[in-house]
Amino acid sequence: AASDLLMELQADVLDRPVVRAHTLETTALGAALLAGIGVGLYADEAAAVRVLSPERTFRPQWDDTRRAALRERWRRAVERARGWATS
């Protein structure tokens, strides 16, 4: 995603580094890499992935208390929203 805010939020919520590739539009690139694996251009998936150059890595900044509190708020919001879209 091009949004730094979204990437930072994902890293914080997941408590994992999130790497953004230099190429933002990776859907077509992913299909091309899979085709390359299929025709033997790349030895395996790991070799194909090395083609992607990381542009930036977002690292988690939240502590465990903040992360747990926000996950709980999200869980409650999902519970309240259940059934809204049913007819």
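The following legends describe close-up views of a predicted model.

**Figure 1. Overall arrangement of the chain.** The chain contains four helices and two strands, which follow one another along the sequence in the pattern α-β-α-α-β-α. Its radius of gyration is 18 Å, well over the 12 Å that the globule rule gives for 87 residues, so the chain is more spread out than a compact globule. The C-alpha trace spans about 50 × 40 × 20 Å along its principal axes. Of the 87 residues, 16% count as buried. Among contacts with a separation of 6 or more, 62% are made by residues 24 or more positions apart.

**Figure 2. The loop between helix H1 and strand S1.** Helix H1 covers residues 4–14 and strand S1 covers residues 18–21, with Asp-15 in the loop between them. Asp-15 is not a glycine, yet its phi is positive, at about 55°. The relative accessible area of Asp-15 is 33%, so this residue is classed as partly exposed.

**Figure 3. Helix H2 and the residue that follows.** Helix H2 comprises the 13 residues 26–38. At 1.5 Å a residue it should span 18 Å, and this agrees with its end C-alpha atoms, which are 18 Å apart. Just after H2, Gly-40 adopts a positive phi of about 85°.

**Figure 4. The two ends of helix H4.** Helix H4 runs over residues 64–81, and its 18 residues should span 26 Å at 1.5 Å a residue. The end C-alpha atoms of H4 are 26 Å apart, in agreement with that expectation. At the start of the helix, a side-chain oxygen of Asp-63 comes to within 3.2 Å of the backbone nitrogen of Thr-65. Just after H4, Gly-83 has a positive phi of about 90°.

**Figure 5. The salt bridge between Asp-64 and Arg-67 in helix H4.** The side chains of Asp-64 and Arg-67 form a salt bridge with an N to O distance of 3.0 Å. The two residues are three apart in helix H4, so about one helical turn separates them. An α-helix has 3.6 residues a turn, so residues three or four places apart point the same way.

Figure 6. Glu-72 and Arg-76 form a salt bridge in which the closest N and O atoms are 4.0 Å apart. Both residues belong to helix H4 and lie four residues apart, about one turn of the helix. Glu-72 is partly exposed, with a relative accessible area of 30%, and Arg-76 is likewise partly exposed, at 38%. A salt bridge also joins the side chains of Arg-82 and Glu-79, with an N to O distance of 3.1 Å. Arg-82 counts as exposed at 58% relative accessibility, while Glu-79 counts as partly exposed at 41%.

**Figure 7. A network of salt bridges.** Five residues, Asp-4, Glu-8, Arg-20, Glu-55 and Arg-56, are linked by salt bridges into a network. The structure as a whole holds nine salt bridges.

Terms used
Residues numbered from 1 in each chain as written. Predicted model: local features only at pLDDT ≥ 70, side-chain atom pairs only at ≥ 80, totals over all residues. Heavy atoms only, no water. Buried < 20%, exposed > 50% of the residue type's maximum accessible area, 1.4 Å probe, protein only. Expected span 1.5 Å × (residues − 1). Polar contact = N/O pair within 3.5 Å; in protein donor to acceptor, adjacent residues only side chain to side chain. Rg over C-alpha atoms; globule rule 2.2 N^0.38 Å. Contact = heavy atoms within 4.5 Å.
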